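Me: I'm new to this one and would like a close look at a single part. Pick one place where two pieces pack together, walk me through it, and then follow the chain back to whatever surrounds it.

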Amino acid sequence: TIEDLDLLSRSPGDLDSGVLTSALDRVAAEIKSRLRGGTSASSDYVRRAVEALKRLSGTACAEVRIGCLLDASQYFYVTGQGFAAIDPATEAVQLSERARRKAQLRKALTLLGITQADTGNISAAVESYARALELARQLNDPVSECSVWINLGVALLYAAQYRDAISCFEHAIEMSSRDKSLAAVRPNAFSNIALCALHLEDFGRGIKAAETAVMESPPPVTAA
């Protein structure tokens, strides 16, 4: 499948053929399989796939290509290769912009922000999240907006900006109080508030937030 993409990426012009579509579908399925496996043994394949995808010109089959890049970035992230995750996420952002695919651009910016924060580039992560928030609002997508607020808060927590981080988590909680479909974010938000409060030595607030996080968490399904 990588060989198919290598061959096609050498062709001039904006490719949009059945051959390209078939090759991309095979690569997409393979990357998803490697992502589910979650082992670093697949790194070489995923890295070669990203390089082949980057050589494709134009915006043909943009949706599938962006999906491949996002899955590749997630693969590197979950296998502990945070710096390697940045490149496919960045490429996904750029392709989403060229193809004017707002929903995928929001997702790509959120993932890019996660990889940037995880590798210590907090200022870049904040910029990515700010753009993702704007897009989530334009798309009227409260679930994605809430997710971005949580991730922005985590980035600020990494930077020891605990009060600003708490404000982000509280905003997500406020959104969830108005929309019951967002209830799943509440335990995560409260647990992060607890962590921030403990860093600020506001122990009463931290304990209360931790208790709320436990109370609102779903019951465990395993003993682990």
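Reply: Let's start where helix α9 meets helix α10: on the α9 side you'll find Tyr162, Ala165, Ile166, Phe169, Glu170, Ile173, Ser176 and Ser177, and facing them from α10 are Arg186, Ala189, Phe190, Asn192, Ile193, Cys196, Ala197 and His199. Contact here means heavy atoms within 4.5 Å. Sorted by type, the residues of this contact come out as 10 nonpolar, 4 polar and 2 charged. For that sorting, Ala, Val, Leu, Ile, Met, Phe, Trp, Tyr, Cys and Pro are nonpolar, Asp, Glu, Lys and Arg are charged, and the others, Gly among them, are polar.

Before going on, a word about what you're looking at. It's a predicted model, so local features need pLDDT of at least 70 and side-chain atom pairs count only at pLDDT 80 or more, while totals for chains, interfaces and linings use all residues. Residues are numbered from 1 along each chain as its sequence is written, and side-chain values use heavy atoms, with hydrogens and water left out. The helices are DSSP runs (H or I, at least four residues), numbered from the N terminus.

Back to the pair. A packed pair of helices is described by the angle between the axes and the distance between them. For α9 (residues 162–178) and α10, the angle is about 155° and the axes are 9 Å apart. Each axis is a line fitted to C-alpha atoms over the stretch in contact, and the angle runs from 0 to 180 degrees between N-to-C directions. The two helices are therefore roughly antiparallel, the word for angles over 145 degrees; under 35 is roughly parallel, 65 to 115 roughly perpendicular and the rest oblique. The crossing of α9 past α10 is left-handed, that is, the near helix is turned anticlockwise from the far one by less than a right angle.

One of the residues in that contact deserves a second look. Asn192 sits in α10, which covers residues 186–199, and has a relative accessible area of 12%, so it counts as buried. Buried means under 20% relative accessible area, exposed means over 50%, and partly exposed lies in between (1.4 Å probe, protein chains only). What does Asn192 touch, leaving aside its neighbours within four places in sequence? Its partners are Val154, Leu157 and Phe169.

Two of those names take us into α8, so let's go there. With 12 of its 17 residues buried, α8 is largely enclosed by the rest of the structure. Trp149, Asn151 and Leu157 are among the buried ones, as are Glu145 and Cys146. What surrounds the buried residues of α8? They pack against α6, α7, α9 and α10. The length of α8 works out too: at 1.5 Å a residue, 17 residues should span 24 Å, and the end C-alpha atoms are 24 Å apart. The expected span is 1.5 Å times one less than the number of residues.

Most residues other than glycine have a negative phi. Asn140, in the loop between α7 and α8, has a positive phi near 50°. At 66% relative accessible area, Asn140 is exposed. Arg100, in the loop between α5 and α6, is also a non-glycine with a positive phi, about 55°. Arg100 is exposed as well, at 76%.

Finally, α6 (residues 102–118) has a partner of its own in α4 (residues 62–78): their axes come within 11 Å and cross at roughly 20°. That makes α4 and α6 roughly parallel. The crossing is left-handed, and the residues of this contact split into 7 nonpolar, 5 polar and 3 charged. Ala89, placed in α5 (residues 82–99), is buried at 0% relative accessibility. Leaving aside neighbours within four places in sequence, Ala89 touches Ser73, Ala108 and Leu112.
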